[in-house]
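Please read them with the structure open.

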Amino acid sequence: MEPHRRITIDEALPGGQGFTGSTARGVNSFNGHKSAPLEAPAFRAASERILSAINTVIDGKAEAAKLALTVLLAQGHLLLEDVPGVGKTLLAKTLARTIDCSVSRIQFTPDLLPSDVTGVSIYNQSSRQFEFRPGAVFANIVIGDEINRASAKTQSALLECMEEHQVTVDGHSYKLGEPFMVVATQNPIEMEGTYPLPEAQRDRFMARISMGYPDKDSEIEMLETHQATSPLARVKAVVTAADVAAMIATVQQVFVSEAVKEYTVAVGRATRDSAMLRLGASPRSLLQLLRAAKATAALDGRDFVLPDDVVAVAEAVLAHRIILDRKAASSGETPQALIRGVLARIPVSREMTEKANSGRTAPELRPSR
Amino acid sequence: MTLTTQPQAGTGVQPQPVPGSPGSGRFGAGAFPWVMAGAVAVSVCGASLSLNGVLRGWAWFLPVLTTVVVVSLTMALLRTFRAQPLLVAAGGLASLALILTFTFFRRDSIAGFLPSQATFDALGRHLRRASETVLAESSPVAPNAGIVLVTCAALGLVVILVDALALPLGMPATSGLGLLAVLVVPAMIKPQSVGWLGFATTAAGYLVILACSQWFAPDARTQADTARNPGQVRRAALTGGVALVVTLLLQLVVPGFDQGTFPQGSRLNPWGTATGLNPMISLGNSLRTPTGEGRITYATNSATPLYLRSVTVDRFDGESWSPDDRNANRRAGTGRMDAGHEILAPEQTRQVTVVNTGDFTSPYLPVPYAPESVNGLTGRWSWDPATLSIKGTDTNSRDQQYLVQSSVPKLTTELLDASSAPVQGVPEEFIRPPSNVPDIVRTTAESVTADSRTAYAKAMAIQRFLRGPGFTYSLESPVQNGYDGNGLSVLADFLTQKSGYCIHFASAMAVMARLEGIPSRIAVGYAPGRQTGATVSVAGQGALPEYEVDARDAHAWPELYFQGLGWVPFEPTPSRGVVPAYAQDSSASGGTSTNEQNNDGLVPSNGAAAPSSAPAPAPLPLPGSGTADAGNQLAPALYTAAGVLLLVLLAASPRLVRRGIRARRLRGTGTGRDRLAEQPLVWSELQDLATDYGVRPVPSETPRTFSARLRGSPALRLRSEPDPGGAKDTGSGADTGNGPGHGAGTFNAQTVHAVTALTEAYERHQYGRPAGQDATRHGLPEEAAVEHIGQVRQALRRNAGTVGRLRADWLPPSVLSRWGSVARWPFGVLGRAATRVGRAASALWRRTRRGLRRLRAG
């Protein structure tokens, strides 16, 4: 696609500030302190602004848009996997643009080097010092196109950034900005000459979304609206990065009850016990599942998580982490169907209901008889 | 775990011919019909082998074999010509008719096999014969033409049934029902049940049917391709094992297999007590009958209880004793009978007895000894001068009513003691001691009678010995293999175990008496019964008291011959019958003298019946015969009332339980104790309400999904209205309640709002922050919750049909399913345990096999 210019900084860094070089520490972050959580109406207004902005650009993909926002608010990373031309990159770009924050895009190719991602130290003649030139990863939203085309070395350079939100070059650790989100796209069809993401790396993506083809009406509308100009040009940022940080703080405060935790663990254990799976859901995946569920709950205007929230994100969060048994795979089973089967089998907090029925109320009722 | 690979259903099943018309393929009708016909014939013949023992001998088997083979071959032939399934069955029936005509009515038909009018006449005769045999004889019955005809016809029909089940209906496994129908007959009638031979051949035939339908069926429907399914063998073994265990355990738990309705050793006889050809065999069965079947009533002017005698047994050789009819000597007509030997007793007592046999069915007539004339019988009867037993030549004792005049000599101890003249005029078979007498019988007889000189003293010694404390009365021993044997070997067992019932006591005394030179025989009949309280007026006698006996009174006793006194009955069986005065010990002779005023030889052994001044004959006292009557009349009413009450309670109990649960839940809410505790209760009530009206909660469903499903279900929604919120299941629940409030929808919107509110309150309670951390959070006030529940209930009732409402009221599924789960619990535990054991066993086996292989390799 773009063989020469591999790294482009699409947007100027917020406030026009560039890297000052000598002190790379704290660059582009929100000054290190925690944002105050938003009140429910404000949160709701902000999330609705983002979603409607995305929906003006991408037709008929409200679910995918909401899931992308969920991942952003849950501080996770998103893997978009689908055939070319269904709007993976468009979704990533739109999401990035609706938020007033720094965005960088990396087109992954086999000859991309790790330093291109993380950054490199360059000798500054005038100051006679080595200066750190930050890589593409120093942005709030990093779009990694065709991530499976890069070599394993480069891919794993992204790993540390994704998990720890920091970059280590020449012994120095540089904090990444908050919020930080990697949106990677991947083409599952054309696999020749690619380096498929290893399990460890896939596990670091909170969710994987398959866009799928739009329905008939949306496709017709898309043909009309996208004729002349790129719809992306019209998109304006509707929230600031600070707003997003506050929203993230709100999400973190969502309450998770014992029952929901038990349910989440039950789902995870069920995948591990399944005879059709070679690899079940990891504990980290359950953590991310719960985080995504919290974000879903917050987007739904609640301050506590329902099992419904877990169910809503389970397929997107778990399906790309589990590995099917060879026999099950050859018989046409898919991870998505398997997750759905597990969800259809696990009772929702049956014990809690019974405990509440028998344990708490029975003793109180006795005197009234 | 539970997601198994589905077999590719679409590819395996090609449009094949339906079973029963296997004709479309090249070899569609090739070997298959013949193989199946052979399998059916083999299985039915195998099952019929078990009939040996119901029918005597094997002579009946050839006609059965012919019938079965002809019928099945005919059907196979028709199938080869691709006839319709109905036509095949019709052809089978026709061939059955032809072969039966050919076998049984060759002379009465046209050309030897075409039925004619004469054939049907003969058929009627045969069927009458068969029904008489079934009624009058006990197994094994002689294979007369009637019975064999019925057997052949039944087995031919079974062939058609099995064939129809296995082929046109495509249910080969069910065809075992036809074979089972054959097995039921010997299982009920034969004392030793079906027997291993019959069972093995039937099972083999059944397996042949199954195998043939699996291997030879030309279509895919019965030829299931599941052999490669790895769990199949384990599942089959598990199913079989559980079935076996349940069968074995069930008969231990369920009463009625060794007591009650089917006591061990007895068999069901749906036609009442047929004493049959060998009353000795059926006697034990009669005694063990819990209900009084074969009731006989009689009225007599005899002052003492009367023994009714049917038949005597006098030949003690061989393994199975049976009465000897002596047909050559029998004389027809019962108007005048005479035993033929002179009676030298000074006085004779004449008795008049009216007997009504009711449904007691036997070829022999129960009469008091010694009959002089029997009047009022229907049918032809004959009597044996030697034994005075009366037997029907073409009829039986069912529904007979007759008047017997009998006479017995007045016997006293002195008379008997004095009777020492050598025996004369008695047929040889009553005198000859049996051959092959076991040593124990002989030595016992010698030691018992060592000190006695006269015949009477010897008889008394034997009776005293048998009535002594060493012997106990028992219906269970010495029964062997469920068969109440009565040969000499059984007698030896009896003397060893010192336990048995009347037949053993009687035969022991009879055999021992013969060994000591006293002519003897065993009389079989009934011990004296109970007074019914009714009277029967007999011409010339006035009103006579009525007695009744039934199967439980069946009895056997020895009769010993004393020269000049005739046949004298004794009573060696303890605790049964009545010991005659002459046969009582000298210690009890005081009683004898007082009772001599009765001018009667027989005296009740029971002192309670002693008041001789009573004008009425002393009946055998029966506990609680008089005073208990009032109670008896009241008791049924009470029982009925209690039963009705119980039934009503039982019918109403689901409703009552449901009401109780609801009241408890809503009351728990209303008192406003702890708001935390309410929500689950209200929520459970909502779930149960939905269950009752057909919307069952699924365990894997979240509250919100359930609520959306309930809101969208026709049970709650008005049919005319658009879906107010069901489709939007994960959306914000609060919005759905504020639907359009126009017309009938207002009511609906209210209920939808109620469900939504309840759901939100429950969610908040269940998953929200605990109250301590968020005090402002409280959901619904109690009154609102109760009101919401009421609204939902009303809406559900309104939308449900009459049937649905009735069901929700009287058989609420929420209660029933809870009970069901409680009832299923032990099975679930058993099943899980069985699975675990099976898994462990298979793992062990795998490990052992691997170890063995390694051992062999290394």
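1. Start with strand β2 of chain A, residues 78-81. Both of its faces are covered. A:Leu78 and A:Leu80 are buried on one side, and A:Leu79 and A:Glu81 are buried on the other. Bear in mind throughout that this is a predicted model.

2. Next, the partners of that strand. β2(A) is joined by four bridges to β10 of chain A (residues 181-186), and the two run parallel. Within this pair, A:Leu78 stands opposite A:Val183 of β10(A). β2(A) also pairs in the parallel sense with β11 of chain A (residues 207-209), over three bridges. There, A:Leu79 has A:Arg208 of β11(A) as its bridge partner.

3. Helix α3 of chain A covers residues 88-98. Of its 11 residues, 10 are buried, so the helix is largely enclosed by the rest of the structure. The buried set includes A:Leu90, A:Leu91, A:Ala92, A:Leu95 and A:Ala96.

4. Which residues of helix α13 in chain A are buried? In this helix (residues 335-345), they are A:Pro335, A:Leu338, A:Ile339, A:Val342 and A:Leu343. Seen down the helix axis, the buried residues of α13(A) fall within an arc of 140°, so they line one face. An α-helix has 3.6 residues a turn, so residues three or four places apart point the same way.

5. What do the buried residues of α13(A) pack against? The elements are α9 (258-273), β13 (277-279), α11 (307-318) and β14 (323-324), in chain A. For α9(A), the packing angle with α13(A) is about 125°, and the axes lie 10 Å apart. α9(A) and α13(A) are therefore oblique to each other. Their crossing is right-handed. From α9(A), the contact uses A:Val267, A:Ala270 and A:Thr271; from α13(A), it uses A:Val342, A:Leu343 and A:Arg345.

6. Turn to chain B and its six-stranded sheet. The sheet is open, with the order β6-β9-β4-β1-β14-β13 and antiparallel pairing. β6 (371-375) and β13 of chain B stand at the edges, each with a single partner strand, so one side of each has no neighbour in the sheet. From one strand to the next, the twist averages 25°.

7. Look at both ends of that sheet. At one, β6(B) pairs antiparallel with β9 of chain B (residues 401-409) over four bridges. B:Ser373 stands opposite B:Gln405 of β9(B). At the other, β13 (residues 530-538) and β14 (residues 542-549) of chain B pair antiparallel over six bridges. B:Gln531 has B:Tyr547 of β14(B) as its bridge partner. The hairpin of β13(B) and β14(B) has three residues between the strands, and B:Gly540 takes a positive phi near 85° there.

8. Chain B also has an open sheet of five strands. Its order is β5-β2-β12-β15-β16, again with antiparallel pairing. The edge strands are β5 (367-368) and β16 (566-569) of chain B, and each pairs on one side only. β15(B), residues 554-562, is joined to β16(B) by four bridges. B:Leu560 has B:Val568 of β16(B) as its bridge partner. Helix α15 of chain B (residues 502-515) lies across β12 (520-526) and β15 of chain B, and runs at about 15° to β15(B).

9. How do α12 and α14 (residues 488-497) of chain B pack? Their angle is about 55°, and their axes are 8 Å apart. α12(B) and α14(B) are therefore oblique to each other. The crossing of this pair is left-handed. B:Ile440, B:Val441 and B:Thr444 make the contact from α12(B). From α14(B), the contact residues are B:Leu488, B:Leu491, B:Ala492, B:Leu495 and B:Thr496.

10. Last, a loop glycine. B:Gly425 sits between α11 (413-418) and α12 (439-448) of chain B. Is B:Gly425 buried or exposed? B:Gly425 has 10 C-beta neighbours inside 10 Å, so it counts as exposed; the cut-off for exposed is 12 or fewer. B:Gly425 and B:Ala386 are 39 residues apart in sequence, with their C-alpha atoms 9.9 Å apart in space.

Key: Residues numbered from 1 in each chain as written. Chains lettered and ligands numbered in written order. Predicted model: local features only at pLDDT ≥ 70, side-chain atom pairs only at ≥ 80, totals over all residues. Buried ≥ 20, exposed ≤ 12 C-beta atoms within 10 Å, placed from the backbone. Arc of directions from axis to C-beta. Contact = placed C-beta atoms within 7 Å. Pairing = 2+ DSSP bridges. Axes fitted to C-alpha atoms, helices over the stretch in contact; angles between N-to-C directions. Parallel < 35°, antiparallel > 145°, perpendicular 65-115°, else oblique. Left-handed = near helix turned anticlockwise from the far one by under 90°.
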